[in-house]
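Have the structure open while you read.

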Amino acid sequence: MAKKPASMGFSEYQRLAMSTAIYPREYSIYYPALGLSGEVGELNNKIKKRIRDHAELDREDMKSELGDVLWYVSALASDLGLDLGDVAASNVDKLLRRRKNGTIKGSGDMR
Ligand SMILES: [Mg+2]
């Protein structure tokens, strides 16, 4: 078994993560979109229980759930023909441009 890197770039993550994808190709886009919703629900449910139980969040559990979310984001990007590294870089470029232009607050995709 290959040694797991401590951290990696998004493109490398996407390549390795998608080697574990086993869902039917006829459900591409739909399967990861639904899975993403499910994993975000799992994450939020555990955070919700912090309110109910007044318990501390388990950081390792949160890390695992965030990883599950990332897997489905990666799968959805793959099904859309997008490189996850490019998705990440484009997003941070957009946010830095908005900060520079003083439009980081407010709403609308074209700020
Ligand atoms: Mg999960």
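## How the two helices pack

In this predicted model, helix 2 and helix 3 pack with their axes 8 Å apart, at an angle of about 165°. Angles over 145 degrees count as roughly antiparallel, so that is the label for helix 2 and helix 3. The crossing of helix 2 past helix 3 is left-handed.

Who makes the contact? From helix 2 come Y31, P32, A33, G35, L36, E39, V40, E42, L43, K46 and I47. Helix 3 answers with D61, M62, E65, L66, D68, V69, Y72, V73, A75, L76 and D79. Sorted by class, the contact of helix 2 with helix 3 has 14 nonpolar residues, seven charged ones and one polar one.

## The magnesium site

Now for the metal. The magnesium ion has E39 (OE), E42 (OE), E65 (OE) and D68 (OD) as its protein donors, at 2.1 to 2.3 Å. Read along the chain, these donors give the spacing E-x2-E-x22-E-x2-D. Distant parts of the chain are linked here: E39 sits in helix 2 (residues 30–53) and E65 in helix 3 (residues 59–79), 26 residues apart.

Are E39 and E65 buried or exposed? Both E39 and E65 are buried.

## A glycine on helix 3

G67 also has its place in helix 3. With a relative accessible area of 28%, G67 is partly exposed. G41 lies 26 residues from G67 along the chain, and their C-alpha atoms are 13 Å apart.

Technical notes:
Residues are numbered from 1 along each chain as its sequence is written. This is a predicted model: local features need pLDDT of at least 70, side-chain atom pairs count only at pLDDT 80 or more; totals for chains, interfaces and linings use all residues. Side-chain values use heavy atoms; hydrogens and water are left out. Donors are N, O and S atoms within 2.8 Å of the metal (3.2 Å for Na, K and Ca); water is not among the atoms, so sites may look incomplete. Helices (H or I, at least four residues) and strands (E, at least two) are DSSP runs, numbered from the N terminus. Buried means under 20% relative accessible area, exposed over 50%, partly exposed in between (1.4 Å probe, protein chains only). Axes are lines fitted to C-alpha atoms, for helices over the stretch in contact, and angles run from 0 to 180 degrees between N-to-C directions. Angles under 35 degrees count as roughly parallel, over 145 as roughly antiparallel, 65 to 115 as roughly perpendicular and the rest as oblique. A crossing is left-handed if the near helix is turned anticlockwise from the far one by less than a right angle, and right-handed if clockwise. Contact means heavy atoms within 4.5 Å. Ala, Val, Leu, Ile, Met, Phe, Trp, Tyr, Cys and Pro count as nonpolar, Asp, Glu, Lys and Arg as charged, and the others, Gly among them, as polar.
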